[in-house]
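I am opening a notebook page on this structure. The entries below follow the order in which I looked things up.

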Amino acid sequence: RILGCEDSYIYIDANVQFMQIASCINCTIMVAAVNKTCTIEKCENVTVCVASNYLRIGNCVDCTVSPYTQMAPPVIYGDTSHLVMAPHNTSYFELFVHLKEAAISFIPPG
């Protein structure tokens with residue numbers, strides 16, 4: 001869980017089962033891979049880059065999310081406004097290992 005952070009840069013270079021990002025302000029967060037569900041809620045001016053099987057975004061304002069989800073499209077609920085959805089924009093040496101460990105299959109474009 002990442003709760004109540006302000007003005008932070010958080011980089012999680014690991015596979016995790018679940019992720020909750022809540023009540024964060026002015027943060028940049030990168031999560032390598034989430035096996036189950038990633039929930040982003042009650043955040044303001046947060047940038048999140050995450051690979052996850054399921055993604056939920058609720059009650060967020062002025063946020064940018066760069067997801068890679070395979071099982072279902074992101075669920076956006078509540079009073080979410082000014083949300084920017086961007087392509088997954090991270091690349092690093094162990095990316096495919098983390099995706100495999102999280103049971104997220106990668107389908108190359110084209």
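In which helix or strand of the chain is confidence lowest, and in which is it highest? I checked this before anything else, since the model is predicted. The mean is lowest in helix α1 (residues 95-101), at 85. It is highest in strand β3 (residues 19-22), at 98.

Entry on strand pairing. I looked up the partners of β6 (residues 64-69). It pairs with β5 (residues 47-58) in the parallel sense, over 6 bridges. In this pairing I noted Val50, whose bridge partner in β6 is Pro67. Strand β8 (residues 84-85) also runs parallel to β6, joined to it by 2 bridges. Here I found Thr64 opposite Val84 of β8.

Entry on the nonpolar cores. The largest one has 21 residues. I listed those with the most contacts inside it: Met19, Ile21, Cys24, Ile29, Ile40, Cys43 and Val46. Two or more residues each come from β3, β4 (28-41) and β5. Of these, β4 gives the largest share, 5 residues. A second core is separate and has 11 residues, including Met30, Ala51, Leu95 and Leu99.

I then took Met19 by itself. Leaving out residues up to four places away in sequence, Met19 touches Ile2, Ile12, Val31, Val34, Thr37, Cys38 and Thr39.

Entry on cysteines. How many disulfides does the structure hold? I found 0.

Entry on Ser8. I placed Ser8 in the loop between β1 (2-3) and β2 (9-16). A polar atom of its side chain lies 2.9 Å from the backbone oxygen of Glu6. Which residues does Ser8 contact, apart from its neighbours within four places in sequence? They are Asn26, Cys27 and Thr28. I also took the C-alpha to C-alpha distance from Ser8 to Thr47, which is 11 Å for a separation of 39 residues in sequence.

Definitions and conventions. Residues numbered from 1 in each chain as written. Predicted model: local features only at pLDDT ≥ 70, side-chain atom pairs only at ≥ 80, totals over all residues. Heavy atoms only, no water. Helix = DSSP H or I, 4+ residues; strand = E, 2+ residues; numbered from the N terminus. Contact = heavy atoms within 4.5 Å. Polar contact = N/O pair within 3.5 Å; in protein donor to acceptor, adjacent residues only side chain to side chain. pLDDT = per-residue confidence, 0-100. Pairing = 2+ DSSP bridges. Core = buried A, V, L, I, M, F, W, Y, C linked by side-chain atoms within 4.5 Å. Buried < 20%, exposed > 50% of the residue type's maximum accessible area, 1.4 Å probe, protein only. Disulfide = S-S within 2.5 Å.
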